[in-house]
Amino acid sequence: MSLLDRLVKEDKNALFIGGEWRPAADGRTIQVLDPATEEPLAEVASAGPDDAVAAVAAAHEAGEAWRATAPRERGEVLRRAFDMMMDRAGDFAELITRENGKTLTDARGEVRYGAEFFRWFSEEAVRNVGEVYEAPAGDKRIFVLYQPVGVALLVTPWNFPLSMGTRKIGPALAAGCTVVLKPASDTPLIALALADLLAEAGVPPGVVNVVPADRSSEVVNAMMDDARVRKLSFTGSTEVGRILLRKASERVLRSSMELGGNAPFLVFADADLDAAVEGAMLAKMRNAGEACTAANRFYVEAPIAQEFATRLTAAMGALKLGPGMDEGSDVGPLINRDTQSKVAELVEGTAGAHGKVLLGGKIPDGRGFFYQPTVLGDVAADAPILGTEIFGPVAPIVPFEDADWAVQAANDTDLGLISYVFSGDSRRAMAVAERLEAGMVAVNRGLISDPAAPFGGVKQSGIGREGAHHGLLEYLDAKYIGTSK
């Protein structure tokens, strides 16, 4: 029996509140579609404001006991969750593919990556280290403790429905916080499967609550208005992040934001072209380009721009577009019709006036939210597509003559999540990396996400960091206790 079938059969396509599965108070549901076929997969309960407040109450009630649970015990629960997820990796990957559309290869990668946050933070749970030091005057001691923030509201996106959940739940539970997770309405099933796994791993009732909802603003606002909520962690668009930050200001709610990106991918003439193309394929085509870390703008030094475009076109052209559940597919569908239409409009607006289509550029015939892998060559530096997060399998290439101009162009955005640099000169690569206005820079690599590294951006790409020890600190408050010597 598939994981999806089991969830439905056991009535776990519902809200998970206080350790119990329940329908929405008003009986409302969400219809989850398969992006590859546009056919319904399942009906899932859709929370309303009253359900959301009930979830907060459950998290608050469970908070004191979970906070008092020994760090080692919290860590062991997370370690069990890691082991269980790895044992069932195939089931989780299949569910991700069915509701998100990404290929099984990408889904398996997400399961491995997502599970690692449980393993990493199972180890970090016992590393909540405080500080003791002497005051400069010599007559006092300064004690600094790090204590759990409290109830945390976690809002996650559809593009990485499992790993964005584990990346937030892992550190929250390790720190001693309880949580309410509001997953994206396009992909609620994997969040419910995650809640079920955590309960089986030993997470007590109320510590993790999951409330899928298609009335996102109403549900999230109801929780943000609740004084028992002390923390908001959101991953999603910069536009929505701004709205939530305005709302958070009403209660001065502690907030972490992992927002949009507009990643530049710089290739210098001395780069290893094979490595640069391989890196470009990883940075662009993972999850069909539906990633905030996806390379969005390719700036390639003029002497090698044509050769890079030729090689990238060949690599992209070799990819097979098809349903994610087909083992032979390299690129699955996009998440929904709106995303498909947006990508098509961006390409149509670039072709001709601002660049030329070297590959793809069309919505294929048939059902499903597919879009062809696309390469755009000789793209003008002022093309509108360069100022928009594409979130699709489209690679616009801009030739450049001057390295300083390329760095300036890369930084000419109000976003700064990640940048990519390819060069055969390690000193130049590091010098350029230091000048790039981004929270993360990949040097001669197409993928740098790692649970042991701090993930996050600068400018309007976010506030705070996830992963590494930094991720644990996002769920801890520093308390200073001063005593006489």
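The buried residues of helix α3 are Arg74, Gly75, Val77, Leu78, Ala81, Phe82, Met84 and Met85. Here, buried means under 20% relative accessible area, exposed means over 50%, and partly exposed lies in between (1.4 Å probe, protein chains only). Helices (H or I, at least four residues) and strands (E, at least two) are DSSP runs, numbered from the N terminus. Please keep in mind that this is a predicted model, in which local features need pLDDT of at least 70 and side-chain atom pairs count only at pLDDT 80 or more, while totals for chains, interfaces and linings use all residues. Residues are numbered from 1 along each chain as its sequence is written, and side-chain values use heavy atoms, with hydrogens and water left out.

Let us stay with α3 for a moment. Its buried residues pack against α2 (49–68), α4 (89–100), α5 (104–124), α6 and α7 (189–201), where contact means heavy atoms within 4.5 Å.

Now step back to the protein chain. Its secondary structure comes to 15 helices and 22 strands. Of its 485 residues, 56% count as buried. The C-alpha atoms fill a box of roughly 65 × 65 × 40 Å along the principal axes. For 485 residues, a compact globule would have a radius of gyration near 23 Å, and the protein chain agrees with its 23 Å. That radius is taken over C-alpha atoms, and the globule rule is 2.2 Å times the number of residues to the power 0.38. Among contacts with a separation of 6 or more, 72% come from residues 24 or more positions apart.

Next, find Thr178, in the loop between α6 (163–175) and β8 (179–182). Is Thr178 buried or exposed? Thr178 counts as buried, because its relative accessibility is 2%. Its side chain reaches the backbone oxygen of Ala59 at 2.8 Å. Leaving aside residues up to four places away in sequence, Thr178 touches several residues, including His60, Trp66, Val151 and Val207.

Rings of Phe, Tyr and Trp (its six-membered ring) pair if their centres lie within 6.5 Å; planes under 30 degrees apart count as stacked, over 60 as edge-to-face and the rest as tilted. Phe16 and Trp21 have ring centres 4.6 Å apart and planes at 45°, so this pair is tilted. Phe16 is buried at 6% relative accessible area, whereas Trp21 is partly exposed at 24%. Phe265 and Phe298 also form a tilted pair, 5.0 Å centre to centre with 40° between the planes. Phe265 lies in strand β12 (residues 263–267) and Phe298 in strand β13 (residues 295–301), so the pair ties together parts that are 33 residues apart in sequence. Phe265 is buried at 0% relative accessibility, and Phe298 is buried with a relative accessible area of 0%. Ring pairs link Phe265, Phe298, Phe308, Tyr420 and Phe422 into a cluster.

Finally, look at two loops. Glu38, between β3 (29–33) and β4 (40–45), has a positive phi of about 65° although it is not a glycine. Phe391, between β15 (374–377) and β16 (394–400), has a positive phi near 55°.

Key
Polar contact = N/O pair within 3.5 Å; in protein donor to acceptor, adjacent residues only side chain to side chain.
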